[in-house]
Every structure is written in C-alpha cells, then in structure tokens.
Amino acid sequence: MKFFIDTADIEEIRDLASTGLVDGVTTNPSLVAKSGRNFLEVVEEICGVVNGPVSAECVATDFDTMLKEGRKLSKIADNIAVKVPLTEAGLKTCKALSDDGIMVNVTLCFSPAQALLAAKAGATFISPFVGRLDDIGQDGMELIADVVTIYENYGFATEVLVASIRHPVHVVQAAKMGAGVATLPPKVLRQLFAHPLTDKGLAAFLKDWEATGQSIL
C-alpha cells in the first residue's frame, strides 16, 4: 500500500518524507488556505519535496474552466495529479486530461456507481471518503470493499485512494481489502508507529543497557 500525506504543511511533509514512507501528497484549497500562502507556490514547493504524485485541486465547477485550470496545474511539475470532483463536468475533465497523459485524482466519491464512472473516464486515482460516510451513520469501509471488487472484476487501472481517513483502523482495514493508496493526515501516519508494548519493551531494553555502563560509540 502507498501512503500519501493529506496536508499542505511543507515542514510536516519534509519531516515525514525523511522517513522514506511517503509516496505522495494530497492537497485541497482548504488545506492550502490554512497556510496563508499562494496556492500555486505551495503546490510547486511540495512537488519539489516528494517524487510521487501531488494532487492539486481545480476550483471551477464548469467543464471549460475546470479543464483550463487542470491543464495549468499539470504544468507545475511532472508529478502533479489534477484533482477534480466527481460530477459530470469533473468526469468530462478527467477524460480530457487523462487522454493527454495527465494524472487525474477524482475526489468526493461516495458510492460504488460513482467510482465505476471515474474508472471508465480514465481516472488515475479514485478518492472514496470513508470518514465522511462514517459521520452520517454509513460504513465507509464497505464502500472501499465494493470499489476494490468492481475494479478487480474489470481490470481497471484506476487506483483506490482511500481518503477522509480518521484513525489507524481505517488504514489497516483498507490494506486488508487491497486498496492501493491511503492518504493520511500527518497525525494518523504517526499513530501507525505507536504501540504501548513497543514503548514498554524499549524502556526495558534501555534500562538493562544503561546498567552495563557500556557504549556502542
């Protein structure tokens, strides 16, 4: 499974990328707005930090403007994945951009039928939002299972990019289902490292080592 980081915080991205565990980044206008910086400048800087796909989202809702925005965003760097919404205009834009060899991330997916349409439109990634479905009393992970099954049935190349992840359990469940990518808030990625028995074991090892009075260096 690939791990993308869902943030526009450059320092967070640099820090987590240094672990070697980050395969890409997803952003959106809301995340960039929190930085208080120019959207295009932030996206370009992120593209220089990570080698993998960096999702940059269009803000237009009509096809003609969205396509122009997508083409402009794609020129920022070779690793840009243009993010479009799962609407009719968004899928038309997806088709046009993917035909030009541009990576496209179709976002705001909430049903298997929507995911099927995105794959047929040539999406590189489909982003089903599991946490937001959980918020309204639905099982977000059920959507992931359905989409993975549909894509496997027909051999679609579109990768399932699990989005709106709220906790490590979402990540493990998605991995067990065979989803290709999880996009994680920095906090959730760091939670994957943590286990109380790891902390307890390390403390015991260090205590025993310190008692020897030795040094490796």
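Phenylalanine 110 is partly exposed, at 30% relative accessibility; buried means under 20% relative accessible area, exposed over 50%, partly exposed in between, with a 1.4 Å probe and protein chains only. This is a predicted model: local features need pLDDT of at least 70, side-chain atom pairs pLDDT 80 or more, while totals for chains, interfaces and linings use all residues. Residues are numbered from 1 along each chain as its sequence is written, and side-chain values use heavy atoms, without hydrogens and water.

Now the partner. Phenylalanine 129 is buried, at 10%. The ring centres of phenylalanine 110 and phenylalanine 129 are 5.7 Å apart, with the planes at 55°, so this pair is tilted. Rings of Phe, Tyr and Trp (its six-membered ring) pair if their centres lie within 6.5 Å; planes under 30 degrees apart are stacked, over 60 edge-to-face, the rest tilted.

The whole structure has 4 aromatic pairs. Another one is phenylalanine 4 with phenylalanine 125: edge-to-face, 5.7 Å centre to centre, 80° between planes. Phenylalanine 4 lies in strand S1 and phenylalanine 125 in strand S6, 121 residues apart. Strands are DSSP E runs of at least two residues, helices H or I runs of at least four, numbered from the N terminus. Phenylalanine 4 is buried, at 1%. Phenylalanine 125 is buried too, at 2%.

Next, a cluster. Tyr151, Tyr154 and Phe156 form one aromatic cluster.

Last, a charge. Where does the charged end of lysine 92 sit? Over the ring of phenylalanine 63, 4.7 Å from its centre. The criterion: NZ of Lys or CZ of Arg within 6 Å of the ring centre and within 35 degrees of the ring normal.
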